[in-house]
Amino acid sequence: MDDKHAEHARERSRYIRGFLFALALTLTAFGIGHLYGPQTPYVYLAIGVLGLLQLIVQLAYFLHIDRRRDSREDLDLILFSTMVLLIIILGTVWILGDLHMRMQMGMQM
Amino acid sequence: MSAFETTLFGRLSWDALPLAALLKNPGTNEIVANAAGAILVLGAAVVLFVLSYFRLWGVLWRDWLTSTDHKKLGIMYIVFALVMLARGVLEGVVMRAQQAAGPGDGFLEAGHFAQLFSTHGTIMIFFVAVPFVVGFINFIMPLQIGARDVAFPVMNQISLGLTVSGGMMLMVSLVVGEFSTGGWTAYPPYTGAAFNPGVGPDYWIWAIVVSGIGTTLSGINFAVTIYKMRAPGMGFMRLPMFCWTVICSSILIIFAMPPLGVAALLLAADRYLDFHFFTNDLGGNMMNYANLFWLFGHPEVYLLVLPAYGIYSEVFATFSAKKLYGYVSLVIATMSIAVLSFTVWLHHFFTMGQSALINAVFGVATMLIAIPTGVKVYDWMATMYRGRIRLSVPMLYGIGFLILFVIGGLSGVILANPTIDFQVHNTLFLVAHFHNVLLPGVLFAMLAGVNYWFPKAFGFRLNERWGRISVALWVVGFLFTFMPLYFVGLMGMPRRSFNWEDPSFQPYMIAAVIGALIILCGLLSVLVQLYVSIRDRAQNRVPVGDPWDGRTLEWSIPAPPPAYNFAVLPQVRDRDAFAEAKESGTAYLKPTGYDDIELPKNTSIGFLLCVLSGVWMFALVWWIWWLALGVTVAMLLIVIVWTFATETEVVIPAAQVKAEHEAWLALVARTPAVDRDDEAAPANLGYARPDMEGAT
Amino acid sequence: MSHSDHQTYPGINLGDIDPRHQQRVETAQFGFWVFIMSDLVYFGLMFAIYITMIDAQAGGPGPHELFDLRSLFAQTVLLLTSSMTVGLASLALKYHLGLGRVYLWLVATLLLGLGFLTLEIMDFMNMAAKGGVPQRSGFLSAFYGLVPLHGLHVATGCLWLVILMIQMRVIGVTDQIKSRLMRFGLFWHFLDLIWIGIFTIVYFGGLAYG
């Protein structure tokens, strides 16, 4: 029973640590966004990186995705989905962004 | 209309019936429209009459509509696909006739012709090809991996319900109101509220959204089934080729159906709520739609053709009496095609106006797909090489496919070059190309599959002679219809034109309509084949279940299979598990023991959701808001109530399984084995004598 | 460690489940993962559309006039906290800390979710008062196509949670209900992940480039 108890404490502290990490990252993002304004050079980049970090923190602490042997199936699924998503999103932004630029060029000429 | 009527009926009125148009303005166009509606109504009436006359309602309800058995759901998918195929082919014939009636305006009005090509495309892709493929996967895949059902049987039933209700919307649009005139792609702004305020595009949107949800659920179901429910010993590299194509096809469904849903729902937001995603004004961008649609559209063609490749792989191996050549390379090629298909969508809109670099990148990516496809073609040919080939009906479809599909594929490589695409896009060359890949690629595979697996599903073989006649008609009809279109396309005839003036098109148009009539005969010959086979079923019975000397697990069980598929789950030791078992003499052995088998109970939730989602779509199309809201709540409640059910399974006791299985084993023991020479003879009761020395 | 602990499914696990049901629970769990990935594509596309329409404001109000970062911060914290409470609920169930504790954390999750929705709807109403309605421009259409889609998911989650709590009383805490709670937790965490994308790309991204 003590074993169970210790395990519970460990798992609970894992959730709480995850929460605190995520909260800190959120606070930092909103803090620098508020202080400098997201349009300041590099500030938006920093906010983006913080967002990415928070994604990883939540996946690790809340969803328990890691590189242990038995999580592999989910990790594979997530990685494949990420690849497809990146193709779709970057492709869309590339194609329509390019089109947009060319349309504006046309208007200026 | 009064305010009360508007609240009650939305924009629905008597004018929505085609009869109203005929009375107001009699002419060929209205006669054709009314004839189509009349065929539909009469057909439905005949079905209702037959069901009542032969007192089949109870059987239909208990054994089919409420069934969660993957085999029955698969069969219902395929029946639905055949019904829709009949309409699609008829529409194709009418369109060919209209164009052959030129030069000039033909006998249809432009709007009617536009509805024809819109419904033809929508039906053939979403309500023929998809349900055909999903139906085959449903029936075959669990049997091939040695499972008793799919992972989520009730969800499977709901998928069928949603697919059918989407298809029914197309049937309803024939009789009430009109369908979209925007083609199967429904590009805005033409389909937006500003240019198309009628009900047509709304029918398209909701049919696509609802059936799309059904297909997505199927994809999830199949992927999870293969991941989690394979028989012991069935590692991934021992999966039958068809199942590999199912994995890839499911992945494509899971990731490619959402873009279609997004495109259609945003178009709905534009039309119903005055959003500005794709409008001409206030920052809307219709190119976003083209991008979204083809993010779906390209993977879509591969999600259809990959399972077709899977069927051909099974057919070539079985009827060459050889192991499939280059299994590993076929697996890699299938995976490559699946991944590459996500990287080529832009080739559907090379002419949109983006820079040459982007066109070049997507053009090259498109050409790359020819490599894994070529690998497959060589693998199939090498499978036949030095095999003991039997020219059975599925094999004839397969050979027709190999030759014709290579031509279609080559015209695709030509189109992948953006500079050539600029010349021929939006011409009949393109129409010829995609029919050239979809007919031999997908439809022939489906017909081959019907001939191949029909004995497994129903316990008797299809008539061989009528099968051969239909192969000949389909192949010849295909050549006559679509080869001329390559030429007129190159001569500059635009697709989707209801009239034309250049007299040099005429011979091609006439050849094409003759071809279309031959295809129609092909379709009729399939029906005749069914009729003749059912009539003569006593001479063609194959109760043992292995009429073709099959290689995979579905042939190791009785035909038709029992509800639980396998009395005892098979232990797999090799690829082509059943061929290996027959070689090593471990087929048809008496198992050491039996267990109770749990199967899902019948449920009416799929049927209820089918009907309600149909009403829901109709209400939305005609702006009957109270009904739409009420049905939404009803559907939600039904699902919630269903989640409270706890006893969802029936147990088949081990004793019953034992009795049934051992009765079948006794039948096997007293059935004479037949050689491949007698494959088509009444002597073939489904017990094959292995004659493949050295071939495995 | 018991037999089932060795086979705990990644994601969220609820401990001792009858090994006979283990296979079925794993199948359902994996199926739900796949569903979520498909749903993720919906969101991914809406993000892509938002990015391409960020300057399609057509002279209407833009991010600087419309976005309220203070409310956004409050929403973020509410949703993040609810992610933790749903985790604690699953732990209470797994370690048999009493059904009271489980309900407590689930009710907390529900209230946080409803609080999030309230703030979000107030936000939309404030935006509408400033002329920020979806009918105004492509940019606003893209915004209202994405953010309320997430809100709709949260609302669905709240409804699901209520039903689950009723089922815990009516059916009891069976393996089937436990497995549903696992999937609910997964869904809820997924919504939090999407929200990170929303405040980073839609709000800050809108302010940076809009």
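Predicted model: local features only at pLDDT ≥ 70, side-chain atom pairs only at ≥ 80, totals over all residues.
**Exercise 1.** Find which span helix α13 of chain B should have, and how far apart its end C-alpha atoms are.

Solution. Helix α13(B) covers residues 370-384, which is 15 residues. The expected span is 1.5 Å times one less than the number of residues, so α13(B) should span 21 Å. The end C-alpha atoms of the helix are 21 Å apart, in agreement with that value.

**Exercise 2.** Name the buried residues of α13(B) and say how they are arranged around its axis.

Solution. A residue counts as buried when 20 or more other C-beta atoms lie within 10 Å of its own. In α13(B) the buried residues are B:T373, B:K376, B:D379, B:W380 and B:T383. Viewed down the helix axis, these buried residues fall within an arc of 115°, so they line one face of α13(B). As background, an α-helix has 3.6 residues a turn, so residues three or four places apart point the same way.

**Exercise 3.** State what the buried residues of α13(B) pack against, what the face turned away carries, and which residue follows the helix.

Solution. The packing partners, in chain B, are α10 (286-319), α11 (327-340) and α14 (393-415). On the face turned away from the buried side are the exposed residues B:I371 and B:M381. After α13(B) comes B:R386, with a positive phi near 60°.

Terms used: Residues numbered from 1 in each chain as written. Chains lettered and ligands numbered in written order. Helix = DSSP H or I, 4+ residues; strand = E, 2+ residues; numbered from the N terminus. Buried ≥ 20, exposed ≤ 12 C-beta atoms within 10 Å, placed from the backbone. Arc of directions from axis to C-beta. Contact = placed C-beta atoms within 7 Å.
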